[in-house]
Amino acid sequence: MKFVHFISLFLLYFLVVGCSAPVVAPVKVELTKEEINYLRDVKPILDKRCVSCHSCYNAPCQAKFSSFEGIERGATKIVAYDAMRLRAIDPTRLFIDAKTTDEWHSKGFYSTTISADSNETHNDSTMMHLLYDKKINPDVIGSYSPESDELICPKNKEELNEYIDEKENHGMPYGFPAVKEREYATLAQWLHRGAHGPTEEEQKRLESPSKAAALEIQKWEAFLNKEDAKHSVTARYLYEHLFLAHWNFKAAPTEFYEIVRSSTPYPQKVEVISSIRPYDNPNVEKFYYRFVKIHSTIVFKTHMVVEFDDEKLDRFKELFIEPEWIEKPHYIDYEVKMSANPFVAFYQIPSKSRYQFLLDNSHYIVTTFIRGPVCRGQMALNVIHDHFWVMFADPETDLYLNNLEFMKAQFDNLSMPIETSDKALLKTFNDAYKNKYEKYFYAK
């Protein structure tokens, strides 16, 4: 009887203690008097060891380390790309869909660098624990799944404890060797001291164009924001095709910029209008095309460069401003069905000018099909092999470009299921659009 009682106690102990996950202990940090500067000391380590995974929209847990704004925003359990989801969710684009850390935290993000349990002797943040776990368990074990659908994205100590227990040898950098001892010490010191970013002066330098770039920006913004109908429609056409581009002015070859719609004109600070798509109604009385300097770490996946100089500006004028248009130039609004169909929205611009623009910038245009901010290839590009051919029709012989009656007759057949973001997927697989494409094919 005593033996049975002993076995019962042993089993109870095993179930309560033996099967429980090990408690995540605070990571002690030995402080030094050495000054730690984010841009000089920390960012180079993050760029070298973290940004390769933590940069795109599909970064694990949406934790983006390519800028301090991303680090400060933190992580989230919200899945950016979910193949089972039929309707859109609110976007979480860094620099666009929220302006402050508090706003991001109200949208479901939480800090990976600061913890309520941190104190003068240790740092209890998620980042510190994952760096430490890799330090004491450096072996790379298990299968590597960079875009796993089973990410835990630990938010607190309890979830972190579960992650470390279930994911053996999954410390950070995941799937790669641990950071070097010197790098670990630098990151640990930085985290312990509050994980501060650039100073106000350093941030201003990051965001400010050089003198050479500023002159180019003024020139291009003046062209794009002219108020007559011809310039206005041209600017809209250019913006809707180049909003993904990293603009590189030849006068400032080391700097890159994005074109945005802003509610404020030059020289006021840019206030980005956070529309989901470039052809969405900006919902302001007046907006301006402005340029924002890219100060995040450049990554190949989103780095689609187009060069701009006086020659490029003259080419745009030659294509869009100098020719006589199909219709008298007139302003166009943002009515949903029309805006979502560029064949209708930009009909008044000479079709050969539009086509020649696409040919002039064909490398960039094709690149946007393959790369861009989507960052999850198997969701969008599983039909494209590593090598493929792209062919272009001669604008002098293309039926659509040379027959205005045919063009007008096919407006409806060329409509696309992108009029509203929350129903785009449902519309894409609707027979109505399949039938339209077949009608266009046979008409042609």
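A search of the whole structure finds one disulfide, meaning a pair of cysteine sulfur atoms within 2.5 Å. This is a predicted model: local features need pLDDT of at least 70, side-chain atom pairs count only at pLDDT 80 or more, and totals for chains, interfaces and linings use all residues. Residues are numbered from 1 along each chain as its sequence is written, and side-chain values use heavy atoms, with hydrogens and water left out.

**Cysteines.** The disulfide joins Cys-61 to Cys-153, S to S 2.1 Å. The torsion about their S-S bond is about -95 degrees, so the disulfide is left-handed. It links distant parts of the chain, 92 residues apart. Cys-61 sits in the loop between H2 and H3, and Cys-153 in the loop between H5 and helix H6 (157–166). Helices (H or I, at least four residues) and strands (E, at least two) are DSSP runs, numbered from the N terminus. Cys-61 and Cys-153 are both buried. Buried means under 20% relative accessible area, exposed over 50%, and partly exposed in between (1.4 Å probe, protein chains only).

Cys-50 and Cys-53 are too far apart for a bond.

**Helix H2.** In H2 (residues 38–49), Tyr-38, Asp-41, Val-42, Lys-43, Ile-45, Leu-46 and Arg-49 are buried. They cover an arc of only 165 degrees around the axis, which puts them on the same side of H2. The arc is that of the directions from the helix axis to the C-beta atoms. These buried residues pack against helix H3 (68–73), helix H5 (126–136) and helix H7 (181–192). Asn-37 caps the N-terminal end of H2. Its side-chain oxygen lies 3.1 Å from the backbone nitrogen of Leu-39.

**Nonpolar cores.** A nonpolar core is a set of buried Ala, Val, Leu, Ile, Met, Phe, Trp, Tyr and Cys residues joined through side-chain atoms within 4.5 Å. The largest has 39 residues. Leu-238, Leu-242, Trp-247, Phe-291, Phe-316 and Phe-320 touch the most other members. Among the elements that give two or more residues to this core are helix H9 (211–224), helix H10 (229–242), strand E5 (246–249), strand E8 (305–308) and helix H11 (310–321). H10 supplies the largest share, six residues. A second, separate core of 27 residues includes Ile-71, Tyr-110, Leu-187 and Ala-195.

Trp-220 lies in helix H9. It is buried, with a relative accessible area of 0%. Contact here means heavy atoms within 4.5 Å. Leaving aside neighbours within four places in sequence, Trp-220 is in contact with Trp-247, Phe-249, Phe-291, Phe-308, Asp-309, Lys-312, Leu-313 and Phe-316. With that sequence range also left out, Phe-316 touches Trp-220, Phe-223, Leu-238, Leu-242, Phe-308, Ile-321 and Phe-357. Trp-220 and Arg-290 are 70 residues apart in sequence and 8.9 Å apart in space, C-alpha to C-alpha.

**Strand E5.** In a regular strand the side chains alternate between the two faces of the sheet. Both faces of E5 are covered. His-246 and Asn-248 on one side, and Trp-247 and Phe-249 on the other, are all buried. Four bridges join E5 to E8, and the two run parallel. Strands pair if DSSP finds at least two bridges between them. Phe-249 has Phe-308 as its bridge partner in E8.

Key. Polar contact = N/O pair within 3.5 Å; in protein donor to acceptor, adjacent residues only side chain to side chain.
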